[in-house]
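Take a look at the model below.

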Amino acid sequence: MTDVAVPAHGLQIAPVGDGRMVISMGPQHPSTHGVLQVITELEGETVMRADPEIGYLHTGIEKSAENLFWTQASTVIERMDYLSPLSNACCYVMGVEKLLGISGEIPVRAQHARVLLCELHRIASHCVWLGTGGIDLGAISGFFYAFDLRERILDLTELSGGARMHPNYLRIGGLRDDLPEGFLRKVDELIAMYYPRMRDLRALLQKNPILQDRMIDIGILNADDAIAWGITGPSLRAAGVPYDVRRAFPYNGYENYEFDVITRTEGDAYARFMVRLDEMDQSMRIIEQARKYLDTPGPVMIADTKYAPPPKETIALSMEALIHHFKIVSESFRVPPGDVYQAIEGPRGELGYYIVSNGDNRPWRVRTRPPSMYNLQVLKKIAVGEYIADMVVMIGSLDPVFGEVDR
Amino acid sequence: MPSSQTPPAGGTALDPTAVRADIGDARVIRVTPADVRATLERLRGEGFTMLIDIGGADYPGREPRFDVVYHLIKLASTSTTLAQIGQPERVRVLCGVPENDPVVPTMSDLWPAADWPEREVYDLFGVTFSGHPDMRRIQMPVEWEGYPLRKDYPLRGPGREKTPRPSFALKSNVAAGTPASGRTAAALQRQIAAARGQAPKDDAQ
Amino acid sequence: MAVNDMPGQFFLAKLDDVARWAQSSSVWPLTMGLACCAIEMMTATAAEYDIARFGSEVFRASPRQADLMIVSGRVAQKMAPVVRRLWEQMADPKWVISMGACASSGGVFDNYAIVQGVDTIVPVDVYVPGCPPTPDGLLYAVNLIQQQIRQGGRGGILARA
């Protein structure tokens, strides 16, 4: 058991002569942000070649989704990008709504709530990135500040959806039920505590000379390479290309929101760091606008009872409601055959789902376009020539989440 | 999971990709492995510089059986403002791959982004990409047999396909070693009957 | 002369109890964070839940320095030999918490890719249900491990039977 004749990745780790050393960084490592193995060929401290090995978290989510109903598949799909679960669910339900042809009927309140929750989860995901990125460099206090901010967001997720992570609150057709009482008041509290907290975090990290020394001019990625390697999200915008799915292909009413798309041109780890920090502020700007929109009451689920479970209180009173509830829960609805590609701007980049239906009550195929996988692949290129100590900085600045890379 | 309780409702389309609902999410082009490379090179010349994704799909009732799906987007690296980016065009290239010869030319020399997704399509579907520098499994261990995302590969894996799924409702707490709580349906019926002042039912135990 | 009249103080205890008290008060976990549960494990180290007040001041990346392996997350087929090897590399005495539904039984993922319960690979002392369990659940599990250590658990303070 302890001698591995054929390692799982199929490559041999062996001395290559010329004074070079091949080492395996991971898959268990405090700073690889998950189960990543980077097979690095080192000459002294300089990386000559870096081969990331993935698959250590392959969960078969796509195959599981093929065996679950349309309404149930979002539970496993939420577990891909586990730092911002509602983003996955949002993209998936929007794709299915396109196949059903009901995209135009989603109530406005549900769209605003989706925007609010997705942006909250974007901030929560960036909090984890910030905290763990800081810890990798030794800035341990930033971790506590960032995770406390994330706690307030998880409180909101728990209040609305019932669970801190993976609440399965977004449903095909809208939301599971309306935002509870007190939710908007807690959002106001979060908005009030956010700006002082970000000021503290920026004071700790942004101008910190050690952090700047370790991040500036590390892992430089220019715009041409970024596009050739399929990079999206903050890493692409730090390279100078202002591609943001919320602006390019607006969804959920993002065309009604005012926010800036943060772009930098240096393309190094510090630029990616600054883009994400500024993006958090823009997300809070969107949250403030969505919060105002949510003052208006309204339905949160489409009226069509073929897709929307009837309100719980009607089930005991109405036979039709009981039958609809039974049919939706026990055998779900059917989605007309066809295929669709739906993309959103996730915290890591363009998260897309290529959903195929053959008319059944289960998905035929849910192919995920994982932004983290493409963002991580470029490590093969940007790590060459850097020190092994910078590998940690580069992986952190690309911000992969392995539930998404491996699925 | 519903799979043990309700059978699939039965899909109607052997080839869902042929049923083009008017969704407008992308321009769709269907090609064969012989002309997929020329098509993608031509699209790249037209400005579709970013390969967003390469995925696979399995349609066992249809010939060709597999689909390798390329998603591209028109994005110029020289765009520096939102106005220049605009609303990029999306294109989806569906390459039908037959089961008896599942080989497609690689795109990894045109787009370095294609490296890992092609390995993943090979790993999960068995479609090989000729000319790929490193065609080996990426998600499953390298000695794994079978292509998991094919429709004829069992969900729970070939080893556990026939093992019954645990049915928690039928397990007895006492048999499992934890003491019975006494809160059974029969006890509840006795309790209700006692509260109503009636004699307990005969078959209660 | 009674004990209380003597100058100085005596502290009488069994060596076993003292050793167990010391061990249970400084359980250092190994960083075996795999998936979503790992984020809740990290949250348990953060300010609101603070696992450090129970003695787990640091999470050690090296298995030689850790005595508790918290398997937090789903164990994929490729990762299973890694988990086993790390568990073998940990020095005795060692304990294992299986955190979350995926680590305990495969969880939501009853499929080809996920090991159906990490107890098929390593012996587990405490299972924590949840998907993911709240950090409170993890803290309770660590408390249960501490109880197990203080009560003797398996095979005494040094060996793990």
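Predicted model: local features only at pLDDT ≥ 70, side-chain atom pairs only at ≥ 80, totals over all residues.

Residues are numbered from 1 along each chain as its sequence is written, while chains are lettered from A and ligands numbered from 1 in the order in which they are written.

Begin with chains A and B. Their contact takes 57 residues from chain A and 52 residues from chain B. Contact here has C-beta atoms, placed from the backbone, within 7 Å. The side of chain A that touches chain B has 25 nonpolar, 17 polar and 15 charged residues. Nonpolar covers Ala, Val, Leu, Ile, Met, Phe, Trp, Tyr, Cys and Pro; charged covers Asp, Glu, Lys and Arg; the others, Gly among them, are polar.

Now chain C. This contact takes 32 residues from chain A and 30 residues from chain C. On the chain A side, helices H1 (61-66), H2 (70-77) and H5 (140-161) each give two or more residues. H5(A) gives the most, with 5 residues. Helices (H or I, at least four residues) and strands (E, at least two) are DSSP runs, numbered from the N terminus.

Last, the sheet. Three strands of chain A form an open sheet in the order S1-S2-S3, with antiparallel pairing. Pairing requires at least two DSSP bridges between two strands. The edge strands are S1 (20-25) and S3 (46-53) of chain A. Strand S2 (residues 37-43) of chain A is joined to S3(A) by 7 bridges. Leu42(A) has Val47(A) as its bridge partner in S3(A).

How values were computed: Contact = placed C-beta atoms within 7 Å.
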